Structures are given as structure tokens and as C-alpha cells.
Amino acid sequence: MDNAGMKKGIVLKDDWPGYSLDLFTYPEHYHEDIESVYIPHGIITNRVERLAHYIMDDFADNKNIMVLCVLKGGYKFCSDLVEFIKVLGRNSNQYLETRVEFIRLKSYLSVLIVEAIVDTGKTMKALLKHVETFEPKMVKVAGLLVKRVPNMAESLTDYVGFEIPNHFVVGYALDYNEHFRDLNHLCIISKTGKMKYKV
Ligand code: HPA
Ligand code: MG
């Protein structure tokens with residue numbers, strides 16, 4: 001399989017405005033709170049499926065992997081990714097047992113850290129440092145979104161879903177003050193939404 005798109009991801013340009021809201025469905029209670037559908041749910045899941053293929057290739061020598069989900073924003077990405085890894089395993093002779101942990105870590109052989117957003121990489125660097133104290137055989141990082149910020153941490157992320165400009169996005173488990181996690185698509189929040197859910 002060609003792995004050129006693995007580390008870079010689907011690159012969304014600075015001027016990508018997202019899709020008009022009338023083109024998709026979303027919870028009615030958010031209709032004033034979002035500006036556009038930035039990445040539709042279907043595209044997210046198709047991309048996550050592709051990342052599952054890259055991961056299966058890289059972890060081919062392992063019988064099991066420890067999937068470490070970085071909460072809370074990572075839970076949709078993590079559960080979809082693990083589902084695809086299981087389906088791929090069932091449909092091939094390369095079944096990987098996946099165990100998911102949220103905080104606890106034991107010394108497993110190989111670790112896959114699953115994070116929704118990687119920007120400067122400060123959090124990820126600290127987490128990697130911690131994980132490495134358990135001396136795992138292999139550590140990889142899957143990031144659904146990598147943000148183009150000054151000093152972006154591109155090289156930390158082994159599997160990138162999408163590279164996006166430095167926009168604040170919500171949905172697919174990503175929140176703004178705990179709202180919008182129930183939105184399937186990744187969306188851009190509107191001025192009204194920002195005001196309404198401000199704390
Ligand atoms: N959305 C939600 N939470 C976040 C983001 C974002 O774009 N960036 C950092 N935390
Ligand atoms: Mg948050």
C-alpha cells in the first residue's frame with residue numbers, strides 16, 4: 001500500500017470555508033451555533049478507515065496493541081479507529097487484539113496513542129515521555145487533526161487524518177465548553193455559538 005498520505009494527511013487550505021449547512025443534516029438545536037460543516041462525518045470515517053490500514057501494516061509483527069485514548073476529545077476517533085482495526089483483522093489473517101486504556105498504563109509491547117488534535121505538541125511530548133518510561137517495543141501517534149500553527153508538531157504524529165489551518169473546530173467529540181460533542185461533523189462554530197456557550 002502507498003503510504004505517502006500517512007504523515008501528512010488530507011491538507012485543508014487556509015481559505016477552505018467548509019460546506020454550507022443546508023447541504024447536511026445536524027442536530028436542530030445547533031442551527032445558529034455553527035457557521036459551516038468543515039469536515040463532514042462521512043469523510044472523517046473514510047479517512048479513519050484509511051489510517052486503520054496504515055496502522056495494521058505498521059503493527060503487522062504484533063499480536064496485540066495497547067491503544068491509549070487521550071480524553072475526552074479523542075473518544076470518537078479512538079472508537080472508530082479501533083472498530084476499523086477489528087474489521088480489517090477479521091477480514092484478513094492479521095488479527096490484532098486491541099486493548100484500550102484511558103489513563104492506566106502497564107508495560108505492553110506496543111502502544112498507539114490516539115489524540116484528536118495535535119498543534120504545538122506540548123501535551124503530546126509530555127505524554128510520549130511518560131509512555132516511554134514503560135519501555136514499550138514501539139510507540140506510534142495517531143492524530144485526527146494536525147493544526148498549522150507556528151512550531152507545529154508535525155513530526156510527532158505518525159498517522160494524520162487531516163492537516164488544517166489554526167481554526168477552532170467542534171464536533172466528532174471535540175467540544176467548546178463541553179458543548180458540540182454530540183455533533184457528527186467537524187464544524188466551525190459561529191459568533192452566536194461562541195457567545196451562547198461562553199463561560
Ligand atoms: N476544538 C476543540 N478543542 C480544542 C481545539 C479545537 O479546535 N483546539 C484545542 N482544543
Ligand atoms: Mg475541550
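Helices and strands are taken here as DSSP runs, numbered from the N terminus. The structure is a predicted model, and in it Gly 73 lies in the loop that runs between strand E3 (64–69) and helix H2. With 20 other C-beta atoms within 10 Å, Gly 73 is buried, because the cut-off for burial is 20 or more. Apart from neighbours within four places in sequence, Gly 73 is in contact with Ala 116, Ile 117, Ala 173, Leu 174 and Asp 175. The C-alpha atom of Gly 73 is separated by 9.9 Å from that of Glu 178, although the two residues are 105 residues apart along the chain.

Gly 73 is also one of the residues around ligand 1. By residue class, the shell around ligand 1 consists of five nonpolar residues, one polar residue and one charged residue.

The peptide bond joining Leu 71 and Lys 72 is cis, with omega about -15°.

Positive phi values at residues that are not glycine occur at Asn 151 and at Tyr 172. For Asn 151, phi is about 60°, and the residue is placed in the loop between strand E6 (138–148) and strand E7 (159–165). Asn 151 has 9 other C-beta atoms within 10 Å and is therefore exposed, the limit being 12 or fewer. For Tyr 172, phi is about 50°, and the residue lies in the loop between strand E8 (169–170) and strand E9 (186–189). Tyr 172 counts as buried, because 26 C-beta neighbours lie inside 10 Å.

The packing of helix H1 (residues 41–58) against helix H2 (residues 75–90) was examined next. The angle between these helices is about 55°, and their axes are 9 Å apart. H1 and H2 are therefore oblique to each other, and H1 passes H2 in a right-handed crossing. On the H1 side, the contact involves Thr 45, Val 48, Glu 49, Leu 51, Ala 52, His 53, Ile 55 and Met 56. These meet Phe 77, Asp 80, Leu 81, Phe 84, Ile 85 and Leu 88 in H2. The residues of the contact of H1 with H2 comprise 10 nonpolar, two polar and two charged.

Two strand residues were also considered, Ile 164 in strand E7 and Ile 10 in strand E1 (residues 10–11). Ile 164 is buried, with 24 other C-beta atoms within 10 Å. Its contacts, leaving aside neighbours within four places in sequence, are Leu 12, Leu 145, Lys 147 and Arg 148. Of these, Leu 12 is 152 residues from Ile 164 along the chain, yet their C-alpha atoms are separated by 5.1 Å.

Ile 10 has 15 other C-beta atoms within 10 Å and is therefore partly exposed. When residues up to four places away in sequence are not counted, Ile 10 touches Arg 47 and Phe 162. Between Ile 10 and Leu 174 the separation is 164 residues in sequence and 19 Å in space, C-alpha to C-alpha.

Definitions and conventions. Residues numbered from 1 in each chain as written. Chains lettered and ligands numbered in written order. Predicted model: local features only at pLDDT ≥ 70, side-chain atom pairs only at ≥ 80, totals over all residues. Near = placed C-beta within 6 Å. Nonpolar A, V, L, I, M, F, W, Y, C, P; charged D, E, K, R; others polar. Axes fitted to C-alpha atoms, helices over the stretch in contact; angles between N-to-C directions. Helix = DSSP H or I, 4+ residues; strand = E, 2+ residues; numbered from the N terminus. Parallel < 35°, antiparallel > 145°, perpendicular 65-115°, else oblique. Left-handed = near helix turned anticlockwise from the far one by under 90°. Contact = placed C-beta atoms within 7 Å.
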